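Good morning, and thank you for coming. Please look at the structure on the screen while I describe some of its features.

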Amino acid sequence: MDYLIDGLATALRLLAAGDAETFSAVWITLAASGMSIAACLAIGAPLGFLIGYHDFPGRRAVRIAVDTALCFPTVVIGLLVYLLLSRQGPLGDLGLLFTIPGMSVGLTLLGIPIVMAMTALAVEQADARLRLTLLTLGANGRQVLFATLWETRYHLMLAGVAAFGRIVSEVGISMMVGGNIKWHTRTITTAIALETGKGDYALGIALGLVLLAIALLLNLVLAGLRRRAGR
Amino acid sequence: MSGHETRSGHPLPPDTPVAHVCGDPAEAGTGVPCTRGNAPLYQLEGVVRRHGDRTVLDVPRLDIAAGGITGVVGPNGGGKSTLLRLLALLDAPCRGQLRFAGEAVGPLSSGRTADLRRSVTLLLQEPYLLRRSVYENVAFGLSVRSGRSVRFWRSGHGVRETADAVRGALELVALDPDVFLRRRWFELSGGEAQRVALAARLAFSPRVLLMDEPTASLDEDSAARIADAARAVAERGTTVIVVSHDRDWLEPLAGRILKVRRGQVEG
């Protein structure tokens, strides 16, 4: 039991002292997650709107594929992106392997199905009178799209926060595509895995506390958004 | 046929304007032709609308003149709302031809139909207010026409005109702009929400205002305000078509009453 208490005390000291290694992992995590969540929303929200709003042949199959992608193991995504970005891969010339943008590519693939599925659900569940109202007020197709996304904005934010929660806490993609390089691509989760393996629990606990704080913050935001979305 | 009759011979009250006032802001930029003289605004020929195998509307011939107030009555499930959706250019006939302002209405997805639809508006029985302020709700129709965001209403070109139109529309439905402009959608009673929804449609001076049971859940006072607003816009040249079960409210208001029963239109 003592090693747990010692580990916690050391972890708090590391955080209070602003330990460079600890905060490097936090910064890299936020940078990679921030880049990927922006890409997830830019790509996933319009695609989610399309499958939630339009009835087209094969829509059901697309929904099933998106829902299946929600359960995709992160190590499989990591392997796929690794193969694409590796020197012999089709995107090897971009030099993205073992970089933060490279990790963001993998994390974006993880987050897009979440944003797509939640956006499609929000649009499907939007009040049936919304579309009629927009059309009878004179909105064209593009204006209907943007106005519907604005009307479901709290649900979209909910999708973004949920995707961010998944991205920030994953380990497989960051480990395989980032390579867990200290000061460069070591994230909170990969650092915890490494330091625990080495028996250095203090750094692992300190980073775990940061991750828990992020999770708490996300959940507070989610609760607020759910309340506003339900109004 | 006199100047105060529809092509199908239905009389209109002497003071009913029979032609739309050309130069209406609703037509600006839409390319929708004006109807002149006594040419009908709507012409339905052999129009059939089906839901599955069931025929819900079958109209061999119906003309509706521009201007004035037309009432539509009939039992539930008779086809009134189906007729209204056709006139709002939200649905297309399964068979037959619908002409609006002398022009045959094409596929709903065509850009031309979208242009025509901009001169027509429909107030739903249970209107939906956008999750925004009253100002933004009422200005929405103007903003989609101008392509400008209404949320930046404190500055920018054309903002004064938008603000004036919004205030004017709220005054038409007897809501004090100083009290209501900044209210949010969830701060309104049912009657106020109905009147804000109507103001949102009046703000852009539509050529045709269609209303589906606008007084269904309103008290007498609110219903009277809706009637006053309908009269006011009809006097300005807007063609008003109202579906209502409340004949006591509708008959003094409408110059012509259409009866829709089992998909057939009479009157």
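Of the 231 residues of chain A, 41% count as buried; a residue is buried if 20 or more other C-beta atoms, placed from the backbone, lie within 10 Å of its own, exposed if 12 or fewer do, and partly exposed in between. Please note that this is a predicted model, in which local features need pLDDT of at least 70 and side-chain atom pairs count only at pLDDT 80 or more, while totals for chains, interfaces and linings use all residues. Residues are numbered from 1 along each chain as its sequence is written, and chains are lettered from A and ligands numbered from 1 in the order in which they are written.

The C-alpha trace of chain A spans about 65 × 45 × 25 Å along its principal axes. Chain A has 11 helices and zero strands, where helices (H or I, at least four residues) and strands (E, at least two) are DSSP runs numbered from the N terminus.

Let us turn to one helix pair. The axes of α5 (residues 100-125) and α8 (residues 153-168) of chain A come within 9 Å and cross at roughly 155°. Axes here are lines fitted to C-alpha atoms, for helices over the stretch in contact, and angles run from 0 to 180 degrees between N-to-C directions. Why are α5(A) and α8(A) described as roughly antiparallel? Angles over 145 degrees count as roughly antiparallel, under 35 as roughly parallel, 65 to 115 as roughly perpendicular and the rest as oblique, and α5(A) and α8(A) are therefore roughly antiparallel to each other. Among the residues making this contact are A:Leu107 and A:Ile114 of α5(A) and A:Leu158 and A:Ala162 of α8(A); two residues are in contact if their C-beta atoms, placed from the backbone, lie within 7 Å.

Next, the cores. A nonpolar core is a set of buried Ala, Val, Leu, Ile, Met, Phe, Trp, Tyr and Cys residues joined through C-beta atoms within 7 Å. The largest has 79 residues, and B:Val138 is one of those that touch the most other members. Not counting residues up to four places away in sequence, B:Val138 touches residues including B:Val166, B:Leu170 and B:Ala203. A second, separate core of 54 residues includes A:Ile28, A:Ile37, A:Leu109 and A:Leu158.

Finally, the two chains meet: 14 residues of chain A are in contact with 19 residues of chain B. On the side of chain A that touches chain B, α6 (128-136) and α7 (141-151) each give two or more residues. Of the elements, α6(A) gives the most, with six residues.
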